[in-house]
Amino acid sequence: METAQQQVASQIWYRTVWRWHFYAGLFCIPFVMWLAVTGSIYLYKPQIEALIDQPYDHLAITGQRASAAAEVDAALKAVPGASFRAYELPQTFQSAARIIVGRKSDLIRVYVNPA
């Protein structure tokens with residue numbers, strides 16, 4: 001059988017553990033919420049980018065399309081001091097070309113009308 005002193009010590013230990021468990025929960029909740037929000041954004045990234053790119057995917061293009069080199073030159077002129085990083089092929093004939101240029105550590109996506 002436990003003595004009264006052992007029961008009090010057991011209750012003090014129990015309360016201390018639960019108190020620190022509560023404090024740890026308060027400390028961790030903001031990080032867990034941040035991970036949940038950013039993870040959701042990353043999970044739905046294709047759908048979000050499709051919404052952002054929608055105005056550039058249905059252009060009225062008449063005439064001949066410009067060459068990829070001319071589109072890259074236009075993107076570099078639009079962002080002074082940038083260097084060419086990547087070229088994303090247009091998804092359809094009516095889509096804008098997506099050219100990624102970089103300035104130091106920043107990457108910038110430039111939409112170029114192929115006409």
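Buried means under 20% relative accessible area, exposed means over 50%, and partly exposed lies in between (1.4 Å probe, protein chains only). At 40% relative accessibility, tyrosine 23 therefore counts as partly exposed. The model is predicted, so local features need pLDDT of at least 70 and side-chain atom pairs count only at pLDDT 80 or more, while totals for chains, interfaces and linings use all residues. Residues are numbered from 1 along each chain as its sequence is written, and side-chain values use heavy atoms, leaving out hydrogens and water.

**Aromatic pairs**

- Rings of Phe, Tyr and Trp (its six-membered ring) pair if their centres lie within 6.5 Å; planes under 30 degrees apart count as stacked, over 60 as edge-to-face and the rest as tilted.
- The whole structure holds five aromatic pairs.
- One of them, phenylalanine 22 with tyrosine 23, is tilted, at 6.0 Å centre to centre and 55° between the planes.
- Tyrosine 56 and tyrosine 111 are stacked, with 4.1 Å centre to centre and 10° between the planes.
- Tyrosine 56 lies in the loop between α2 (45-53) and α3 (68-78), and tyrosine 111 in strand β3 (residues 106-112), 55 residues apart; strands are DSSP runs (E, at least two residues), as are helices (H or I, at least four), numbered from the N terminus.
- Tyrosine 56 is partly exposed because its relative accessibility is 34%.
- Ring pairs also join Trp20, Phe22 and Tyr23 into a cluster.

**Nonpolar core**

- A nonpolar core is a set of buried Ala, Val, Leu, Ile, Met, Phe, Trp, Tyr and Cys residues joined through side-chain atoms within 4.5 Å.
- The largest has eight residues, including Val72, Ala82 and Val110.
- α3, β2 (97-103) and β3 each supply at least two residues of this core.
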